[in-house]
Amino acid sequence: MEIMKCGHHTMRDMRIDYPYIEGTFGDGKRKRYNVIDNYVPRRKEYADLKERNFFEKAYIEHSIVVKWNDDIDMLCDVIYENGEEETILHSSTKELGDTRGNQPPKHRKST
């Protein structure tokens, strides 16, 4: 598996769980970051991220950026430096979707 280089940190895996993006980093830490509450308020063009279908189109570009389109992106370091560290794996309930009928989280891995 290729490791995605993200500035000062490397990201091995990305998981989308609206409104969060979670990353597993080279040092073994797993960080969870609420993009809608913490990142969207920075600029008005980020408001499109509030739409779940658009949000879930996130992908890694050039191994350093979470990107949605040409105007909206975020360095992986934002997740590492500002995200909450997770120490346990997600429960199977969350992996399968929650009781409100939400879709299961989407995973993105390096290729």
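**First stop: a pair of strands**

Select strand 5 together with strand 6 (residues 65–67): the two pair in the antiparallel sense over three bridges. Strands here are DSSP runs of E with at least two residues, helices are DSSP runs of H or I with at least four residues, and both are numbered from the N terminus. Two strands pair if DSSP finds at least two bridges between them. Within this pairing, select E61 and then V65 in strand 6, which is the bridge partner of E61.

The model is a predicted one, in which local features need pLDDT of at least 70 and side-chain atom pairs count only at pLDDT 80 or more, while totals for chains, interfaces and linings use all residues. Residues are numbered from 1 along each chain as its sequence is written, and side-chain values use heavy atoms, with hydrogens and water left out.

The open sheet of three strands has the order 5-6-7, and its pairing is antiparallel. Strand 5 (59–61) and strand 7 (73–75) stand at the edges with a single partner strand each, so one side of each lacks a neighbour in the sheet. From one strand to the next, the twist averages 35°; axes are lines fitted to C-alpha atoms, and angles run from 0 to 180 degrees between N-to-C directions.

Next, select strand 2 (9–17) and strand 3 (20–25). A hairpin of two residues joins strand 2 to strand 3, and the two strands run antiparallel, joined by six bridges.

Is strand 2 enclosed or open? Seven of its nine residues are buried, so strand 2 is largely enclosed by the rest of the structure. Buried means under 20% relative accessible area, with a 1.4 Å probe and protein chains only.

Then select P19, in the loop between strand 2 and strand 3. A cis peptide bond joins Y18 and P19, with omega at about 5°. Most peptide bonds are trans.

**Last stop: the whole chain**

Finally, select the entire chain, which has four helices and nine strands. From the N terminus on, the elements run β-β-β-β-α-α-β-β-β-α-β-α-β. Of the 111 residues, 42% count as buried. Among contacts (heavy atoms within 4.5 Å) between residues at least 6 apart in sequence, 51% join residues at least 24 apart.

Technical notes:
Buried means under 20% relative accessible area, exposed over 50%, partly exposed in between (1.4 Å probe, protein chains only).
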